Amino acid sequence: PEDCPPTAEAAVSKYACQRRTTTGNNNKIFTDAFEVLAESYQFNELESRCLGFRRAASVLKSLPCAVQSLESTHNLPCLGEHAKVVIEEILEHGLSFEVEKILSDERYQTLKLFTSVFGVGPKTAEKWYRRGLRSFSDILADSSIHLNQMQQNGFLHYGDISRAVSEAEARALTSVIDEAVHAITPDAVLTLTGGFRRGKEFGHDVDFIVTTPEPGKEESLLHNIINILTKQGILLYCEYQPSTFDMSELPIQRFEAMDQFAKCFLIVRLESSRVEEGLHGDEGDSRGWRAVRVDVVSPPLDHYAFALLGWSGSTMFDRDLRRFARVERRMLLDNHCLYDKTKKEFLAATTEKDIFTHLGLEYIEPWQRNA
Ligand code: ATP
Ligand code: MN
Ligand code: MN
């Protein structure tokens, strides 16, 4: 690829929601390194440094060409001195020694391994590490450790759910969920969201939004889907979170806050026979099925566009949409609604385009939101 012309870079916005980022990352060698650094900072609870490297990675992902010199990065936003040192190292040596050191660090490796289990976050991983545990067998052999249901299932299905889900598998699951949804409510709306909606070839799970035009029925719809999957014998695990949604509250400002719609985090058994191109990876196909992580959220129809925008991601794209709304527009955006602090009113939307219009932003297609 060509080196980035400086004129093109001057136009790069500091907000991910004003950049078009496809899955074709031209700067993977740099962004992979930044993501290791970000993760290492996260493990050490240095959140702002972590965010700094995530932002830097996001900017490089949006570039139409590979960075081939440090000079070509001069006009880019969100690249601090530290990020530039890493870029320079990689340009000169093909790798960053700082990143290599982290990758070979026992603490980093262990926390990375532990957090790869469904239901295990950085806090739990850290606690286990401090107890001297270093492997899955250490954890499973330690009788003083109590694993919750989610973690137990995370270990039980570890081999399957740590393996990437393919597009063909996501399509097969869409038809499984779609059959269940339409057996209940013919006019229900089911949308594949998350990374697959952004055109990713592989994902760590499959995300869906489901809703119905009948007000107040969205929560029972989710219950019914769960019942059907259970009767089919393909529901391996289900963590259901009821709706706590209250329209009288203003949009929550903490980005990390999960939304309040009814949702479930599932592990579903996917039969090989349902997948056109077979199961991804060898292990699954010889057995005839594999376990897949599935998320389903069910907002009321009038909040559907906000939920869809939030659940389509990417995480950085969403984060910057909210930041842009707050800083540039005096508006509060979350997965539920958009509030205009100047007009003191909620702004309704039936499509994602309506939300971009309210924010005065050019529409960015889902496949351009891989920030
Ligand atoms: P991957 O391919 O790894 O699954 P992804 O972009 O689909 O990538 P997810 O972790 O599945 O990542 O999340 C999809 C979107 O849903 C993200 O934008 C995330 O912010 C949002 N999200 C995930 N969990 C929740 C939750 N509990 N509440 C609200 N939003 C969530
Ligand atoms: Mn996902
Ligand atoms: Mn998900």
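Mentor: Let us begin with the names of the elements: a helix is a DSSP run of H or I with at least four residues, a strand is a run of E with at least two, and both are numbered from the N terminus. Residues are numbered from 1 along each chain as its sequence is written, and chains are lettered from A and ligands numbered from 1 in the order of writing. The model is predicted, and local features need pLDDT of at least 70, side-chain atom pairs count only at pLDDT 80 or more, while totals for chains, interfaces and linings use all residues.

Trainee: What is the peptide bond that joins G313 and S314?

Mentor: The bond between G313 and S314 is cis, with omega at about -10 degrees. Most peptide bonds are trans, and most residues other than glycine have a negative phi.

Trainee: Why is α2 called oblique to α4?

Mentor: Helix α2 (residues 28-43) and helix α4 (residues 81-93) pack at about 130 degrees with their axes 10 Å apart, where axes are lines fitted to C-alpha atoms, for helices over the stretch in contact, and angles run from 0 to 180 degrees between N-to-C directions. Angles under 35 degrees count as roughly parallel, over 145 as roughly antiparallel, 65 to 115 as roughly perpendicular and the rest as oblique, and therefore α2 is oblique to α4.

Trainee: What makes the contact between these two helices, and which classes do its residues belong to?

Mentor: I29, F30, A33 and F34 of α2 meet A83, V86, I87 and I90 of α4, contact being C-beta atoms, placed from the backbone, within 7 Å. By class there are 8 nonpolar, no polar and no charged residues, where Ala, Val, Leu, Ile, Met, Phe, Trp, Tyr, Cys and Pro count as nonpolar, Asp, Glu, Lys and Arg as charged, and the others, Gly among them, as polar.

Trainee: Why is α11 oblique to α13?

Mentor: The axes of α11 (residues 167-184) and α13 (residues 218-231) come within 9 Å and cross at roughly 120 degrees, which means that α11 is oblique to α13. I177, A180, V181, A183 and I184 of α11 make the contact with L221, N224, I225, I228 and L229 of α13, and these residues divide into 9 nonpolar, 1 polar and no charged.

Trainee: How do you know that α6 is oblique to α7?

Mentor: Helix α6 (residues 106-115) and helix α7 (residues 122-130) pack at about 130 degrees with axes 9 Å apart, and α6 is therefore oblique to α7. R107, T110, L111, F114 and T115 in α6 meet P122, A125, E126, W128 and Y129 in α7, a contact with 6 nonpolar, 2 polar and 2 charged residues.

Trainee: Which residues are closest to ligand 1, and which domains supply its shell?

Mentor: A residue is near a molecule or strand if its C-beta atom, placed from the backbone, lies within 6 Å of it. Ligand 1 is surrounded by 16 residues, the closest being G194, G195, G203, M258 and G313. Domain 3 (165-304) and domain 4 (308-368) each give at least three residues of the shell, their bounds coming from an automatic or database domain assignment. By class, the shell has 2 nonpolar, 9 polar and 5 charged residues.
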